Amino acid sequence: MNYNQPQQPVVKKSCYFCANKIDAIDYKDTLLLRKFMSSQAKIMPPKRTGNCSRHQRMVSRAVKRARAMALISYLIK
Amino acid sequence: MEYELLFFTSVANEDKIDLIKKDITEILESQGAKMSGEFSDIGKRKLAYPIKRNTHAFFSFVRFVLDGENRQNIPEIGKHLGLYGNIMRHIVVRADEIGKPIISGGIKFEEERAVARPSGRREKPIRLRQEERPAKPTAETKPNEDKSKASLSELDEKLSEILEETPE
């Protein structure tokens with residue numbers, strides 16, 4: 001490992017829901033949820049999306065509900 | 001406290017949807033729920049994954065209010081709905097968690113509905129496309145704007161004529 005390599009500067013992203021003042025996330029809103037999912041239909045980590053922990057919990061809950069109701073798939077191969 | 005129930009039935013049960021809604025209201029009201037609105041249909045939608053070999057399902061949701069001690073009846077409602085054979089799956093969610101009763105990603109629902117419904121709607125766009133093809137060369141051949149506008153109005157007339165003819 002090359003520890004001398006300079007680390008990339010961390011760009012702090014702002015939470016999408018805080019920025020747009022969204023208090024509630026509807027699990028039926030599949031287009032919105034797809035934004036926070038990877039191409040394999042995994043829930044993206046807040047490190048990549050910039051979500052705050054409160055909204056990340058809401059997103060993950062909504063995604064899991066939508067999956068159970070077959071609105072979004074569990075995995076995309 | 002207000003809750004929302006989302007359920008879907010197989011496409012075969014789409015004709016019986018009024019009966020199903022009536023049964024669901026009975027189940028909810030037997031547990032002390034007050035319906036706070038009519039059923040809103042999302043409509044026929046493709047499932048993200050097949051469930052018991054069904055690729056499509058008819059979605060609908062409704063909001064209801066449970067107050068006081070009736071709030072403990074949520075598991076009971078779930079049990080009854082699970083035993084009710086006509087719906088494939090259901091979910092009961094607190095309404096304050098999901099906000100206003102609108103389909104905010106409604107665009108996608110609408111698109112899919114347009115694709116999913118075969119009769120009537122599909123025919124028109126196809127015919128329109130066929131008419132647009134001859135329209136482009138005429139617009140190109142006439143350089144003057146006035147003429148192109150005239151041709152457009154002519155086209156509109158033709159379109160309306162053809163569209164009038166189609167339903168017969």
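The expected span of a helix is 1.5 Å times one less than its number of residues. In this predicted model, helix α1 of chain B covers residues 17–30, and its 14 residues should therefore span 20 Å. B:Gly32 follows α1(B) and has a positive phi, near 85°.

Chain B contains six helices and five strands. Their order along the sequence is β-α-β-β-β-α-β-α-α-α-α. Of the contacts in chain B with a separation of 6 or more, 72% join residues 24 or more positions apart. Buried residues account for 12% of the 168 residues of chain B.

Between the two chains, 18 residues of chain A are in contact with 17 residues of chain B. On the chain A side, α2 (30–35) and α4 (53–68) each supply at least two of the residues that touch chain B. The largest share of this side comes from α2(A), with three residues. By class, the side of chain A that touches chain B consists of eleven nonpolar, two polar and five charged residues.

In soluble globular proteins, nonpolar side chains tend to be buried together. The largest nonpolar core in the model has 32 residues, and those with the most contacts inside this core are A:Ala62, A:Ala66, B:Leu5 and B:Phe64. Two or more residues each are given to this core by α4 of chain A and, in chain B, by β1 (2–10), α1 and β4 (54–65). The greatest contribution is that of β4(B), with six residues.

The predictor gives the complex an ipTM of 0.75 and a pTM of 0.66. In chain B the average pLDDT is 75, and 68% of the residues score at least 70. Over residues 104–111 of chain B the pLDDT is below 50, and this stretch has 14 contacts in the model beyond near neighbours in sequence. The pLDDT is also below 50 over residues 113–126 of chain B, a stretch with seven contacts beyond near neighbours in sequence.

Notes: Residues are numbered from 1 along each chain as its sequence is written. Chains are lettered from A and ligands numbered from 1 in the order in which they are written. This is a predicted model: local features need pLDDT of at least 70, side-chain atom pairs count only at pLDDT 80 or more; totals for chains, interfaces and linings use all residues. Helices (H or I, at least four residues) and strands (E, at least two) are DSSP runs, numbered from the N terminus. Ala, Val, Leu, Ile, Met, Phe, Trp, Tyr, Cys and Pro count as nonpolar, Asp, Glu, Lys and Arg as charged, and the others, Gly among them, as polar. A residue is buried if 20 or more other C-beta atoms lie within 10 Å of its own, exposed if 12 or fewer, and partly exposed in between; C-beta atoms are placed from the backbone. A nonpolar core is a set of buried Ala, Val, Leu, Ile, Met, Phe, Trp, Tyr and Cys residues joined through C-beta atoms within 7 Å. pLDDT is the predictor's confidence in each residue, from 0 to 100.
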